[in-house]
Amino acid sequence: MDWDIVIGIETHVQLKTNSKIFSGASVKYGGEPNSQACLVSLAYPGVLPVLNEEAVNCAIRFGLAVNAKISSYSVFARKNYFYPDLPKGYQISQYELPIVGPGTLTISNGSEDKIVRILRAHLEEDAGKSIHGVSNGKTGIDLNRAGIPLLEIVTEPDMNSADEAVAYAKKLHELVQWIGICDGNMQEGSFRCDVNVSVKKKGTSKLGTRREIKNLNSFRFIQQAIDFEVNWQIERLEDGGEIEQSTVLFNPDNGETRAMRSKEEANDYRYFPDPDLLPLVINEGKINSIRSEMPELPDQVKERFENELGLSNYDASGITSNRSVTQYFKQLIFKGASAKLAANWILGNLFSRLNEHDLDITNSPIKPEELARLIKRIEDQTISNNAAKKVFDNLWDNPDRDIDVIIEALGLKQISDSGQIDGIIDEVLINHAAMVEEYQSGKEKAFNALVGQVMKASKGKANPAQVNEILKTKLSK
Amino acid sequence: MLNLSLKELSVQLEKKTFSSVELTQFFLERIKLHNPSINAFLTIDENKSLLMAKDADRIIQNGDKKALTGIPIAQKDIFCAEGWRTTCASKMLENFIAPYNATVIEKFNQAGAVNLGKTNMDEFAMGSSNETSYFGLVKNPWDLLKVPGGSSGGSAAAIAARLSPGATGTDTGGSIRQPASLCGLTGLKPTYGLVSRYGMIAFASSLDQAGPMAHSAEDCALMLDVMIGHDIKDSTSVERKNENYLPTLNDSIDGLRIGVPKEFFGEGLDVAVQVVIDNALKEYTKLGAKIVEISLPNNHLAIPVYYVIAPAEASSNLSRYDGVRYGYRAAEYDDLMDMYFKTRQEGFGEEVKRRILIGTYVLSAGYFDAYYLKAQKIRRLISDDFRAAFENCDVIMGPSSPSVAFDSGEKKEDPLKMYMQDIFTISTNLAGLPAMSIPVGFVRNLPVGLQLIGNYFEEAKLLNVGHIFQKNTDWHLASPKGLV
């Protein structure tokens with residue numbers, strides 16, 4: 001292909017505050033339409049906005065997490081346009097002077113790391129929802145969402161494939177949850193991406209005309225929409241056509257993008273500073289106090305786990321993919337499990353079971369204390385790794401049971417008494433003299449067969465390492 | 001009861017010479033009798049008012065009376081008052097019943113004052129003659145053929161006609177001071193941010209400020225005491241120690257430096273008005289003040305700057321009147337756009353639409369820098385002029401209005417002429433300074449107002465300077481004939 005793909009993303013992150021950005025109304029999702037629309041949400045005559053400090057704190061946390069400059073002075077502006085779900089006839093947003101200045105986010109695309117530049121992030125209020133066809137062709141307006149705080153995070157056009165765009169979106173999605181500013185619920189619209197896509201002839205520097213795909217709320221849609229859009233643009237250009245700057249919608253049913261409005265129809269938003277709100281002044285003291293409360297960031301934790309605990313890049317990435325996974329892992333370590341085994345068990349058995357039941361790790365029936373005890377039973381050789389899987393399965397269904405009781409009940413306790421193993425081996429050697437002969441005549445494979453017989457004779461309970469060792473000694477005599 | 005000041009009414013209520021119910025009934029009767037000819041009130045609700053009066057009487061009985069307890073105050077129909085129709089004198093809000101109280105209303109309620117009714121005004125406070133009201137013009141009690149000024153024309157006419165002993169007003173470019181001047185009253189526009197704007201229907205948010213209107217500076221002081229205070233519901237309201245304006249009312253003004261801007265006495269000022277203003281200034285020198293000539297070199301830019309900034313903010317503030325959630329909606333329409341067009345076309349009056357158009361224009365892409373940004377820069381220069389002037393004086397004085405009350409209809413069709421009415425008042429709104437108008441004489445039997453401009457948060461000084469004048473003169477006690 002002789003085309004470069006250029007992608008920039010604007011993400012609307014719904015901030016996890018208790019109330020709306022400019023009023024005290026609740027932000028809970030799923031209320032009866034307009035049950036969370038206070039006078040400010042309804043834009044009654046005479047009401048005024050009052051900035052929610054919590055939303056500001058969230059924006060500062062984000063800025064610090066992407067190494068961005070926090071503006072000491074930012075300004076709320078009015079973006080004027082008429083729409084029934086925009087009650088004031090303007091949206092309060094930050095325009096010329098946003099709260100968060102340039103920063104960076106490192107994404108990993110396969111094996112390579114790539115830095116995506118964050119241009120800015122600004123605070124704004126969400127609009128309400130138009131619900132078409134509520135009753136005989138009429139449109140209903142639900143203003144519960146009107147005024148919910150959003151942080152709009154804008155990147156430079158630094159991504160060059162759908163994969164990179166998705167990697168960025170996933171990384172950002174993890175980060176905003178990690179620092180506690182967003183619940184990350186994409187179905188409920190807490191994290192929505194507008195993706196700007198353009199293509200240009202390979203090697204040229206001038207950017208092509210972009211089209212903006214609006215409101216993508218799943219990683220799969222981001223992937224599909226970009227793939228479709230890129231193909232559409234390339235085909236059009238190769239057919240000698242031109243791309244018109246426009247806003248497009250993605251239809252998940254057929255996987256296509258379709259133009260919504262072109263630049264000529266674009267609104268003139270008549271931005272101007274909102275005279276109802278004073279400029280937002282943030283002093284160094286506030287930034288420092290928030291910085292002191294910031295959690296260690298996923299990239300930092302990952303690096304630390306690699307260096308201090310010897311985890312592989314793969315394991316460390318998996319363990320730091322999500323803050324609650326990291327928490328779970330840390331508790332395993334705290335309870336004495338070894339890092340490598342802890343990571344294996346989380347990323348392996350636990351994840352597959354959680355996925356199977358569509359559960360979040362915080363709702364895992366197996367608590368970290370129990371999993372740590374199980375791992376310790378492997379480490380102290382009470383049970384084999386295979387036996388541990390059986391204990392794990394049993395524990396999943398009976399989370400209240402004691403691990404040692406399960407081990408006992410299932411008879412999984414490993415035989416590590418060398419005298420006892422000695423006896424079993426001696427018996428096997430006598431009963432399978434033919435195999436012994438084969439081995440001694442040079443057939444290495446016969447060794448494994450003998451190990452198998454010993455395990456069988458011990459009903460799988462003999463410590464395999466010990467069996468290997470003792471058997472080897474006896475055969476070499 | 002007719003001619004008693006708020007202070008005297010307060011004393012009589014305390015003495016139980018009459019009750020709040022009697023007092024309220026007295027004014028309600030007068031409103032019933034005279035409002036049809038003056039049109040100062042848009043909404044009267046006897047039951048509500050009398051219920052408040054009863055409550056006040058109970059408080060007085062219990063000995064918990066505060067300064068304004070039991071005193072009827074008329075409220076400009078720009079303030080939302082729970083359960084009261086609140087129209088802003090617009091068809092758009094003709095049937096709008098406010099579901100909550102503006103902070104100003106809340107404060108009067110807590111002070112035990114009685115809401116006497118909602119007063120007429122220019123539609124959305126846009127006008128200087130009270131002729132833009134959807135509910136008809138207000139007549140000047142001094143001469144029913146004349147306008148009372150605007151936009152707080154209903155409040156001014158109500159007080160002048162003795163239909164209410166005091167009233168609230170709001171002032172975006174002169175809307176308290178000019179009608180006070182044209183109706184022979186005392187009216188104060190406080191420093192921007194001193195009185196909460198919460199619940200006061202917005203015209204131009206960076207300029208709007210509520211204030212008291214009454215006969216005297218002393219009465220305004222009593223009302224202002226109640227109105228001020230930081231409000232967490234208004235981010236632009238200032239946090240400062242609450243002042244009490246009464247103790248300093250009688251302070252000596254000996255040695256007071258009165259700055260008189262030469263720009264206030266040029267072309268456009270009625271010569272007869274100038275004579276009255278000069279006499280008032282002479283009176284002040286007799287009282288110990290000194291006159292200092294000052295200059296406000298950018299004052300001539302105040303009107304053009306104002307007519308960029310105020311309409312810009314208004315065009316956005318009035319977007320919420322779209323027929324979707326409350327207020328007027330066109331009876332018939334084809335689709336959403338048609339609903340917007342017809343609703344706003346039919347619901348707003350001419351002047352409001354003119355200002356929405358101007359505001360939309362100056363904020364449009366390509367014009368923003370040339371108009372809005374430039375206006376903001378000049379606004380700063382105007383503030384700087386005042387800052388420099390206050391280096392050399394304590395109070396600035398001049399006319400409140402270039403003329404006395406003019407005929408109804410005289411300027412209605414000529415917006416530019418109408419806008420000139422505010423030539424002396426607008427610059428203080430742009431600078432955010434406090435200013436007051438007090439009656440200082442008559443021209444052709446119509447009142448003339450002297451404007452007093454103070455430095456930021458020097459309301460106490462303005463009230464003191466006004467009160468000293470009124471202690472030595474009786475212009476503020478004059479009342480129009482025929483109605484009283």
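User: Which residue is the bridge partner of B:Gly187 in E6(B)?
Analyst: B:Met213 is the partner of B:Gly187 there. Bear in mind that this is a predicted model.

User: What about B:Thr186, which residue is its bridge partner in E6(B)?
Analyst: B:Thr186 is bridged to B:Ala214. In all, strand E5 (residues 186-189) of chain B and E6(B) pair over two bridges, in the antiparallel sense.

User: Which residue of E6(B) stands opposite B:Gly166?
Analyst: B:Ala214 again. B:Gly166 belongs to strand E4 (residues 166-170) of chain B, which runs antiparallel to E6(B) with five bridges joining them.

User: Is strand E6 (residues 210-214) of chain B buried or exposed?
Analyst: Buried. Five of its five residues are in that class, so strand E6 of chain B is largely enclosed by the rest of the structure.

User: And E5(B), which residues lie on each side?
Analyst: B:Thr186 and B:Leu188 are on one side, with B:Gly187 and B:Lys189 on the other. Each of these residues is buried, and both faces of E5(B) are covered. As a rule, side chains in a regular strand alternate between the two faces of the sheet.

User: How many bridges join E5(B) to strand E10 (residues 435-443) of chain B?
Analyst: Three, and these two strands run antiparallel. In one of the bridges, B:Lys189 has B:Ala435 of E10(B) as its partner.

User: Zooming out, how many helices and strands are there in chain B?
Analyst: Chain B has 15 helices and 11 strands. Its C-alpha trace spans about 65 × 55 × 45 Å along the principal axes.

User: What radius of gyration does chain B have?
Analyst: 21 Å. A compact globule with 484 residues would have a value near 23 Å, so chain B agrees with that.

User: How much of chain B counts as buried?
Analyst: 60% of its 484 residues. The contacts in chain B also reach along the sequence: of those between residues at least 6 apart, 76% join residues at least 24 apart.

User: Pick a helix residue. Where is the place of B:Glu350?
Analyst: B:Glu350 sits in helix H11 (residues 350-363) of chain B. It has 13 C-beta neighbours inside 10 Å, so it counts as partly exposed. Its C-alpha atom is separated by 36 Å from that of B:Phe457, 107 residues apart along the chain.

User: How many residues does the contact take from chain A and from chain B?
Analyst: Chain A gives 24 residues and chain B gives 33. On the chain A side, 16 are nonpolar, three polar and five charged.

User: Switching to chain A, what domains is it divided into?
Analyst: Domain 1 covers 3-286, domain 2 covers 296-410 and domain 3 covers 418-476. The centres of domain 1 and domain 2 of chain A, taken over C-alpha atoms, are 37 Å apart. Their contact takes six residues from each of these two domains.

User: Which helix gives the most to the domain 1 side of that contact?
Analyst: Helix H2 (residues 162-178) of chain A, with four residues. By class, the domain 1 side has three nonpolar residues, two polar and one charged.

User: Last thing. What is the mean pLDDT of chain B?
Analyst: It is 97, and 100% of the residues of chain B reach 70 or more. For the complex, the predictor gives an ipTM of 0.96 and a pTM of 0.90.

Methods:
Residues are numbered from 1 along each chain as its sequence is written. Chains are lettered from A and ligands numbered from 1 in the order in which they are written. This is a predicted model: local features need pLDDT of at least 70, side-chain atom pairs count only at pLDDT 80 or more; totals for chains, interfaces and linings use all residues. A residue is buried if 20 or more other C-beta atoms lie within 10 Å of its own, exposed if 12 or fewer, and partly exposed in between; C-beta atoms are placed from the backbone. Domain bounds come from an automatic or database domain assignment. Two residues are in contact if their C-beta atoms, placed from the backbone, lie within 7 Å. Ala, Val, Leu, Ile, Met, Phe, Trp, Tyr, Cys and Pro count as nonpolar, Asp, Glu, Lys and Arg as charged, and the others, Gly among them, as polar. pLDDT is the predictor's confidence in each residue, from 0 to 100. Two strands pair if DSSP finds at least two bridges between them. The radius of gyration is taken over C-alpha atoms; the globule rule is 2.2 Å times the number of residues to the power 0.38.
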